[in-house]
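Subject: Structure handover and findings

Hello,

Please find the structure below, with notes on what was found in it. Read the notes with the model open.

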Number of protein chains: 2
Amino acid sequence: MADGRDTTGPGRVGASPAPVEFFFDFISPFGYFASLLIDDLAARHGRTVDWTSMLVGVSVMKVMGMPPIVDLPMKGDYIVRDALRYARQHGVPYERLSTLGGSRPLAAGRAFAWAKTLDLQAAKQLASFLYQSYFVECRDIGAQSVVCQCLVRCGFDMGDYEHAQSQNIPAQLLAGNVKASLAKNVFGSPYFIVDGEPFFGVEKMHVLDDWLRTGGW
Amino acid sequence: MADGRDTTGPGRVGASPAPVEFFFDFISPFGYFASLLIDDLAARHGRTVDWTSMLVGVSVMKVMGMPPIVDLPMKGDYIVRDALRYARQHGVPYERLSTLGGSRPLAAGRAFAWAKTLDLQAAKQLASFLYQSYFVECRDIGAQSVVCQCLVRCGFDMGDYEHAQSQNIPAQLLAGNVKASLAKNVFGSPYFIVDGEPFFGVEKMHVLDDWLRTGGW
């Protein structure tokens, strides 16, 4: 096993290796699952994680020209079943049924993008609360009220957030994240990049683990 | 570890558990990778494997309405890179570059479907030779001459094959396989079904392994 200090792999910048880039959408079940694992995985190899909220709707639908995955014939049903199966296998709380319909991910993604500019640890806590609100408590994270409750629980100041919103800052931050993620060919959630090497999907995390441990192949 | 005799899991029919259903396309890199692993994986749990050639082009393009995966913006390049990375990691011979263009999978799929009706073990050997011809020797397995060479190497009688072809039997067998696979929602390659439970992709094989070992969850 790794001793938590990979001093031989690539991507070292000065004294510290580059962080693992983690891209996720708040309405992605597999983004949620990955969010529970990625920090520990990276830490085992002496890496931090740079979390970036993006919008799968833009990458999948607008750039790739596909319908939402859950609307695809055959594959849509499989993905729904696979998410429930993953949650059962790994003991992850997951109560949201596909019959419930989805939320729009904009409000959550924007709040996270803004929160991250202030306090990364609190922003990660925000992501956890947002995912929990959506996938466990089955709330509508497209509603500002739900997002604001999560922000308050993490200690963010509502006056600051409303001021930022009045200047359209959270929306601009998320739009910038989406644009940057597309420039890196991020086409789904979760998506990871380590030293330029891309890994898509929660089932690739063990390969990402191998890559970090060995320095790549 | 499993002792090779899972006597508690579902799917037992009389004295023997149901075989693992394995669906694959001959121009699918991940179908090739899976073909190298699935028999041993199933055998560890006392299962045999029912191999069925299908056509991803029909499921992905005609039923799902998507372009070929390798033609998708962003994801296409990722899949090509991922296949090469998988091959390097696992020491799988893989010489076919995406710049070479693809073969039509019909001739190979038909030959396999026919061969399987005569001799399952020889048909599996045929699949191995076809995959090797395509992904290692970089030959055009859309050409009858290449397919026939593989059939001969596996001991199939060319007179029998030509006679079957004159009656359109291999084509009908493959068409039947494709139809049956679509009825089971098989939308990609490799795809596995065990006791009705579906698993898509080579990276899901460890979950399939867990499922067979535990009897499901």
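The charged end of A:R153 sits over the ring of A:F129, 3.7 Å from the ring centre. In chain B, B:R153 lies over the face of B:F129, also at 3.7 Å from the ring centre. A charge counts as over a ring if NZ of Lys or CZ of Arg is within 6 Å of the ring centre and within 35 degrees of the ring normal.

Some notes on conventions. This is a predicted model, where local features need pLDDT of at least 70 and side-chain atom pairs count only at pLDDT 80 or more, while totals for chains, interfaces and linings use all residues. Residues are numbered from 1 along each chain as its sequence is written, chains are lettered from A and ligands numbered from 1 in the order in which they are written, and side-chain values use heavy atoms, with hydrogens and water left out.

Aromatic pairs

Over all chains, a search of the whole structure finds 56 aromatic pairs. Rings of Phe, Tyr and Trp (its six-membered ring) pair if their centres lie within 6.5 Å; planes under 30 degrees apart are stacked, over 60 edge-to-face, and the rest tilted. One of the pairs is A:F199 with A:W211, which is edge-to-face, at 5.9 Å centre to centre and 70° between the planes. A:F199 lies in strand 6 (residues 197-200) of chain A and A:W211 in helix 10 (residues 205-214) of chain A, so the pair ties together parts twelve residues apart in sequence. Helices (H or I, at least four residues) and strands (E, at least two) are DSSP runs, numbered from the N terminus. Both A:F199 and A:W211 are buried. Here buried means under 20% relative accessible area, exposed over 50%, and partly exposed in between (1.4 Å probe, protein chains only).

Another pair is B:Y32 with B:F135, which is stacked because the ring centres are 5.2 Å apart and the planes are at 10°. This pair links distant parts of the chain, with B:Y32 in helix 1 (residues 29-35) of chain B and B:F135 in helix 6 (residues 120-135) of chain B, 103 residues apart. B:Y32 and B:F135 are buried.

The interface

How many residues does each chain give to the contact? Chain B gives 31 residues and chain A gives 31 residues, contact meaning heavy atoms within 4.5 Å. The two chains bury about 3,100 Å² between them, 59% of it on carbon and sulfur atoms. Buried area is the accessible area (1.4 Å probe) that two parts lose on being put together, summed over both. In chain B, the residues that lose the most area to chain A are B:M74, B:Y78 and B:W217, together 23% of what that side buries.

Between the chains there are 20 residue pairs in polar contact, both residues being at pLDDT 80 or more. A polar contact is a pair of N or O atoms within 3.5 Å; within protein, one must be able to donate a hydrogen and the other to accept it, and residues adjacent in sequence count only if both atoms are side-chain atoms. On the side of chain B that touches chain A, the elements giving two or more residues are helix 3 (56-63), helix 4 (75-90), strand 6 (197-200) and helix 10 (205-214) of chain B. Helix 4 of chain B gives the most, with seven residues.

Salt bridges

The whole structure holds 22 salt bridges over all chains, and the count between chain B and chain A is eight. A salt bridge is a side-chain nitrogen of Lys or Arg within 4 Å of a carboxyl oxygen of Asp or Glu.

B:E197 forms a salt bridge with A:R85, the closest N and O atoms being 2.9 Å apart. B:E197 lies in strand 6 of chain B and A:R85 in helix 4 (residues 75-90) of chain A, so the pair joins two chains. B:E197 is buried at 7% relative accessible area, and A:R85 is buried at 1%.

A:E197 and B:R85 also meet in a salt bridge, at 2.9 Å from N to O. This pair crosses from strand 6 of chain A to helix 4 of chain B. A:E197 is buried, at 7% relative accessible area, as is B:R85, at 2%.

Within chain B, B:R47 forms a salt bridge with B:D195, with the closest N and O atoms 2.8 Å apart. B:R47 is buried, with a relative accessible area of 6%, whereas B:D195 is partly exposed at 30%.

Regards
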